[in-house]
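User: I have a structure here that is new to me. Can you walk me through it?

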Amino acid sequence: MKKYHIDVIFSVLVCVTTIWEGLMDLFVHTLVSGLVQFTLAVLIAFVWWWFGAHHQRRFTQWIGLTKIKGGTKTFSFMLLTLLILFGCGWLVIQMVPGTYTASTQFGGLGWTALPSVLVHALLNTSGWEEIFFRGLLLKRLMGKCGLLVANTLQAVLFGLMHGVPLFLMTGMSVVQAAVITLFTGLAGWCLGYMNEKYAQGSIFPSWTVHMLSNVASGTLSAFNML
């Protein structure tokens, strides 16, 4: 075999190995950070439950890890909420082009990024956020001020949690940060309303919709379609 053939094969192997190592690093980083965030959210909720309500209800009921109820009405509202989340995401992209989002890290990686996208969608975003905002926060506030006020408060905090860090870390304008906060908060409001109004308190509907939305955005980013 001629020397230049060997050089080409070696170069290809080095390139493939480097790409594979990079993808594995991304997957491991995504998995570890997701597990840490999810575990921390569950731990905070569990400690709260243990000191405040463990004699009254099981933890799974208290936090909303219960069977989805409501039948076709819940399923229909899940589809509607998923469309709303898609719409909110599209509006943010149109009004704040070039914004760095959690899905940006998968940009241009194609099919090889899908395992990381799935883990990211299940744990890093929807997992801990649904446990904390729609499980812990919304349900505790509802006991104080009712569904509409409680849902609005958690939605505002959910929006601020997305908008403020981007404003502080990326140097975007106040208007751009306000747009992200507004539409993210709207999505959070729909997720909370769906759980409590239609699914009888289960957080699995919002977790499912939130996850599917993030899978879609991560996949589109992986194929440079955002």
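User: Which residues make the patch?

Analyst: Val156, Leu157, Leu160, Val164, Phe167, Leu168, Met169 and Val174 make a nonpolar surface patch of about 750 Å². Patches are made of residues with over 30% relative accessible area and no salt bridge; like charges are joined within 9 Å, and nonpolar side chains (Val, Leu, Ile, Met, Phe, Trp, Tyr) within 5 Å. Accessible areas come from the Shrake-Rupley method with a 1.4 Å probe, and for residues only the protein chains shown count as cover.

User: Take Leu157. Where is it, and how exposed does it count?

Analyst: Leu157 sits in helix 4. Its relative accessibility is 42%, so Leu157 counts as partly exposed. Buried means under 20% relative accessible area, exposed means over 50%, and partly exposed is in between (1.4 Å probe, protein chains only).

User: Before going on, what kind of model is this?

Analyst: This is a predicted model: local features need pLDDT of at least 70, side-chain atom pairs count only at pLDDT 80 or more, and totals for chains, interfaces and linings use all residues. Residues are numbered from 1 along each chain as its sequence is written, and side-chain values use heavy atoms, with hydrogens and water left out.

User: OK, the overall layout. How many helices and strands are there?

Analyst: The chain has six helices and zero strands. Read from the N terminus, its elements run α-α-α-α-α-α.

User: And how much of the chain is buried?

Analyst: Of its 226 residues, 39% count as buried. The chain exposes about 12700 Å², and carbon and sulfur atoms supply 74% of that area.

User: What share of the contacts join residues at least 24 apart?

Analyst: Among contacts between residues at least 6 apart in sequence, the share is 76%. A contact means heavy atoms within 4.5 Å.

User: Switching to charges. How many salt bridges are there?

Analyst: The count is two, where a salt bridge is a side-chain nitrogen of Lys or Arg within 4 Å of a carboxyl oxygen of Asp or Glu. One joins the side chains of Glu130 and Arg134, at 2.7 Å from N to O. Both residues lie in helix 4, four residues apart, about one turn of the helix.

User: What is the span of helix 5?

Analyst: Helix 5 (residues 174-198) has 25 residues and reaches 35 Å from first C-alpha to last, close to the expected 36 Å. The expected span is 1.5 Å times one less than the number of residues. Gln200 follows helix 5 and has a positive phi, near 55 degrees.

User: Last one: how many disulfides?

Analyst: A search of the whole structure finds zero; a disulfide is a pair of cysteine sulfur atoms within 2.5 Å. Cys88 is in no disulfide, and its nearest cysteine sulfur, that of Cys190, is 6.7 Å away. Cys88 counts as buried at 6% relative accessibility, and Cys190 counts as buried at 7%.

Definitions and conventions. Helices (H or I, at least four residues) and strands (E, at least two) are DSSP runs, numbered from the N terminus.
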